[in-house]
Amino acid sequence: MTTQTTDIPGTPSDERRSWLREHSELGVCVLLLALGVLVLTDALTMDVDLTQRGPVGPKTVPVVVGIGLLVIAALLAVDVLRGGRGQAETGEDVDLSEPADWRTVLLLTGVFLGAAALIEPLGFPLAGALLFWGAAFALGSRRADRDPLIAAVLSLVTYVVFNNVLGVPLPGGPLMGVL
């Protein structure tokens, strides 16, 4: 014989769940807090050349962003605990009665992770083209005549802009000698 436990209205566990449901925005506060701590920890442990001159160095922006994240997390937590609530989505193109499209989310996640894994062996132009083409497919485009061409052009333009114009080296892969 198995015993089942059900929450009786008014019990402490039912009240705790109700309180957590009413204050679910605190999850965003925890996420912002963790992100702020991560950014600050990374910024403060960054190796910086001692001969650097001037007040603004490579640590400045990450420290400002980390502090900003911590301040926003604290202000949001205070607002939520005082009874503040975010407004429900009222976008005209969003049907709130429909469930989330997890297939699209999972396809986009797979395409992104696949491109991240392939960027070293294939280089950015090929991995980027697969990323752009896969994202278009995941979002519903089925134009096999047009999408690969657009993805390839977009990837090559991105590679050239970052590599040649901005001076940010991206892995070229097998196309390194061609480009």
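User: So contact means heavy atoms within 4.5 Å; what share of the chain's contacts with a separation of 6 or more comes from residues 24 or more positions apart?

Analyst: Residues 24 or more positions apart account for 58% of those contacts. This is a predicted model, in which local features need pLDDT of at least 70 and side-chain atom pairs count only at pLDDT 80 or more, while totals for chains, interfaces and linings use all residues. Residues are numbered from 1 along each chain as its sequence is written, and side-chain values use heavy atoms, with hydrogens and water left out.

User: How many helices and strands are there?

Analyst: The chain has 6 helices and 0 strands (DSSP runs: H or I of at least four residues for helices, E of at least two for strands, numbered from the N terminus), so that, read from the N terminus on, its elements run α-α-α-α-α-α.

User: How are α4 and α5 set against each other?

Analyst: Helix α4, residues 102-122, and helix α5, residues 124-138, pack at an angle of about 170°, and their axes are 8 Å apart (axes are lines fitted to C-alpha atoms over the stretch in contact, and angles run from 0 to 180 degrees between N-to-C directions). The two helices are therefore roughly antiparallel, a label for angles over 145 degrees.

User: Which residues meet there?

Analyst: On the α4 side, T104, L107, L108, V111, F112, A115, L118, I119 and L122 take part, and they meet F124, L126, A127, L130, L131, G134, A135 and A138 of α5.

User: Which residues of α5 are buried?

Analyst: In α5 the buried residues are F124, P125, A127, G128, A129, G134 and A138, where buried means under 20% relative accessible area with a 1.4 Å probe, counting protein chains only. Their cover includes α4 as well as α6, and across the 179 residues of the whole chain, 18% count as buried.

User: And what follows α5?

Analyst: After α5 comes G140, and the phi of G140 is positive, near 115°.

User: New topic: where is D147, and is D147 buried or exposed?

Analyst: D147 lies in helix α6, which covers residues 147-165, and D147 is buried because its relative accessible area is 9%.

Notes. Angles under 35 degrees count as roughly parallel, over 145 as roughly antiparallel, 65 to 115 as roughly perpendicular and the rest as oblique. Contact means heavy atoms within 4.5 Å. Buried means under 20% relative accessible area, exposed over 50%, partly exposed in between (1.4 Å probe, protein chains only).
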